[in-house]
Amino acid sequence: MKTRIFFILIVTILFAACIQNSEKTNKEQVKNEIIQDSNLKLQIYYFHTARRCPTCNSIEDNIKQVLESDFKNEIERGIINFKSLNVEDAENKGLAEKYEATGAALHLINIQNGVEKDNNLTNYAFSHSRRQPEVFIQGMRDTINFFIK
């Protein structure tokens with residue numbers, strides 16, 4: 001009986017150590033996800049679920065419009081990077097957890113001297129993107145310009 005309890009205890013400890021090591025590796029990968037390009041000043045993440053409402057779609061569409069019309073050169077030079085990520089996909093789990101995105105969320109990550117500063121613009125996006133697209137688009141232009149200077 002003691003041998004069986006001892007065996008179960010050892011297996012449990014080994015299993016917990018494997019899980020912890022796996023989570024640590026995943027967190028290290030997420031930490032290093034952004035800072036790969038020395039030119040990068042602004043990483044834009046738009047998190048979403050598989051099922052999206054019209055407002056969710058407008059946020060992504062409007063961001064893409066701003067980037068394509070006003071910041072194409074900065075994207076080509078690696079100063080700005082945009083990613084649209086489904087939080088339900090396993091490959092995006094680490095980033096979604098890092099930015100506490102469980103559904104639709106807009107994060108602009110300003111990078112200065114290798115240090116990331118998260119700017120959560122989710123409320124702003126949901127307040128303006130669909131009903132006041134011109135306000136949202138101009139606000140995004142101004143914010144992006146501020147971060148990349």
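Author: Let's take α2, a helix of 17 residues that reaches 24 Å from its first C-alpha to its last. That is close to the 24 Å expected at 1.5 Å a residue, where the expected span is 1.5 Å times one less than the number of residues. Helices here (H or I, at least four residues) and strands (E, at least two) are DSSP runs, numbered from the N terminus.

Before going on, a word on where this comes from: residues are numbered from 1 along each chain as its sequence is written, and side-chain values use heavy atoms, with hydrogens and water left out. This is a predicted model, in which local features need pLDDT of at least 70 and side-chain atom pairs count only at pLDDT 80 or more, while totals for chains, interfaces and linings use all residues.

Which residues of α2 are buried? They are T55, C56, S58, I59, E60, N62, I63, V66 and L67. Buried means under 20% relative accessible area, exposed means over 50%, and partly exposed is in between (1.4 Å probe, protein chains only). The buried residues of α2 pack against β1, α3 (72-76), β2, β3, α5 (122-128) and α6.

Now pick L67, which has a relative accessible area of 3%. Leaving out residues up to four places away in sequence, L67 touches I44, K72, I75, I80, F82 and I144; touching, or contact, means heavy atoms within 4.5 Å. The C-alpha atoms of L67 and R141 are separated by 8.4 Å, though these residues are 74 apart along the chain.

What about the strands? Four of them form an open sheet in the order β2-β1-β3-β4, with mixed pairing. β2 (80-86) and β4 (115-120) stand at the edges with a single partner strand each, so one side of each has no neighbour in the sheet. Two strands count as paired if DSSP finds at least two bridges between them. β3 (residues 105-112) and β4 pair in the antiparallel sense over six bridges. Across that pairing, N110 has K117 as its bridge partner, and I111 stands opposite E116. The hairpin of β3 and β4 has two residues between the strands, and N113 takes a positive phi near 55 degrees there.

Finally, look at α6 (residues 133-148), which lies across β1 (42-48), β2, β3 and β4 and runs at about 20 degrees to β3. For that angle, axes are lines fitted to C-alpha atoms, for helices over the stretch in contact, and angles run from 0 to 180 degrees between N-to-C directions.
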